[in-house]
Amino acid sequence: MLVRSLAFRLKDPLPNDAKFLMEDFRLAVNNAIRLGDHSNVTSRFALTKLAYMDFREEHPGMYAQHLVSAFEVAGSVLKNHRRRLRKGFPAQVPFIRRLFMKAENQAYKLDRVNGIIDLPIRAGLHIRLELVISDHHRRYLDDESLSLGSLTLLRDRAIVTFRKHPPEPYEHESIISLDTNERSLDGVLVKEDRITSVVRAEFPDVSVIQSAHHDRRRKLQKKKSHDRRTAKRLCAREGKREHHRIDYRMHEVANAVLSFAEERRSMIVLENLNGIKPHRDKKLNRRISMWPRRKLHQIIEYKAAWRGIPVAKVDPRYSSRKCPVCGRIQDSRKGTEFVCGCGWHIDRHINASINLLQTAASEKAAGGLWFSPGAFQHDVVMVLCGPGRAVRPEPNGTSGIRVMA
Ligand SMILES: [Zn+2]
């Protein structure tokens, strides 16, 4: 089952009854966390057995399903906590401060035409929440193949999850093979056994954003070195902003790639980034942090599954050093051009993508693909996604978005 969450703003302020319910919910979660931690249990079932009766006595009015959902939330919080402890991180017993509640799909109703949530609070008392609906929301609400999942209610918005069975991926008629780099996805489009063009999706601003935030965090730490708590808080805020901005860009890039693929009924070939070990050199490590690239792959894969676009992931070994024509493996991977003794020469990133394509072909992931890398016009470049238009200039001197030619 594929799941996607959609946030809706609420038309009116939250009614008081809902706030009381959320306070009770938070209390139930925190109680269950404490009890669960004390008795070493994390499953919803065990927590329900442990805490249900007591809490029921104190809050006889609360709708039973909400209470069970609170135990479910507590269980997952406890599991995360347990994992942190196992990894050796210092961790206090978690405590939920945020006012929220979660209802499973049997515990609320959503009028998908009018966008109104009906949420029972206790016997005989329901509240109605009117949602603000955009065209984007409308597409999900009107799509009958989507079923409703849980509802998470926050002070100012409601998050509804939509679920669907993954559609069968289409039979591909072409292939896009993409090599994932620090600032771009570079690759080729193959149609009828021929490489027809070079494709490229650029995100040069992502590394600019990353380094700007990194510098800002370092400055903050220096400035607030006398107050570690404030430093930590400010740095966390910086990190969150960085993630949001990069996330946004990655979604744009993924959408561009997927729409391109869908139009041509292409399969997408990507390198498998798992298993790529972090570099020894710490400084280099940060500069080419793998995080945005893994994130980009996750987004592409997830959205592709949702839209029924086939994706194959292949082992990237030697992809940056191998000549796809004669098969020779080079020692170095320096320079922007890949030049081989056999006469083959091409942009290094494009070369890597051709190698990925060959691996996919040999692994039959691409379904009996045959192509000859020798003959193609690499002057035809299709740019799927250029540098971001709506990116704020960086205020601290690193401004200016560098565009890769
Ligand atoms: Zn060669």
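The model is predicted, so local features need pLDDT of at least 70 and side-chain atom pairs pLDDT 80 or more, while totals for chains, interfaces and linings use all residues. Residues are numbered from 1 along each chain as its sequence is written, and side-chain values use heavy atoms, without hydrogens or water. Helices (H or I, at least four residues) and strands (E, at least two) are DSSP runs numbered from the N terminus. Axes are lines fitted to C-alpha atoms, for helices over the stretch in contact, with angles from 0 to 180 degrees between N-to-C directions.

S1 and S7 belong to an open sheet of 4 strands, ordered S1-S7-S6-S2 with antiparallel pairing; two strands pair if DSSP finds at least two bridges between them. At the edges are S1 (2–9) and S2 (100–103), each pairing on one side only. On average, neighbouring strands here are turned by 20° against each other, direction ignored. S7 (residues 157–164) joins S1 over 8 antiparallel bridges, and Arg9 stands opposite Arg157 in S7.

Helix H9 covers residues 348–362. Its 15 residues should span 21 Å at 1.5 Å a residue, counted as 1.5 Å times one less than the number of residues; the end C-alpha atoms are 21 Å apart, which agrees. Of these residues, 12 are buried (under 20% relative accessible area, 1.4 Å probe, protein chains only), among them Arg348, Asn351 and Leu357. At the start of H9, a side-chain oxygen of Asp347 comes within 2.8 Å of the backbone nitrogen of His349.

Key. Buried means under 20% relative accessible area, exposed over 50%, partly exposed in between (1.4 Å probe, protein chains only). A polar contact is a pair of N or O atoms within 3.5 Å; within protein, one must be able to donate a hydrogen and the other to accept it, and residues adjacent in sequence count only if both atoms are side-chain atoms.
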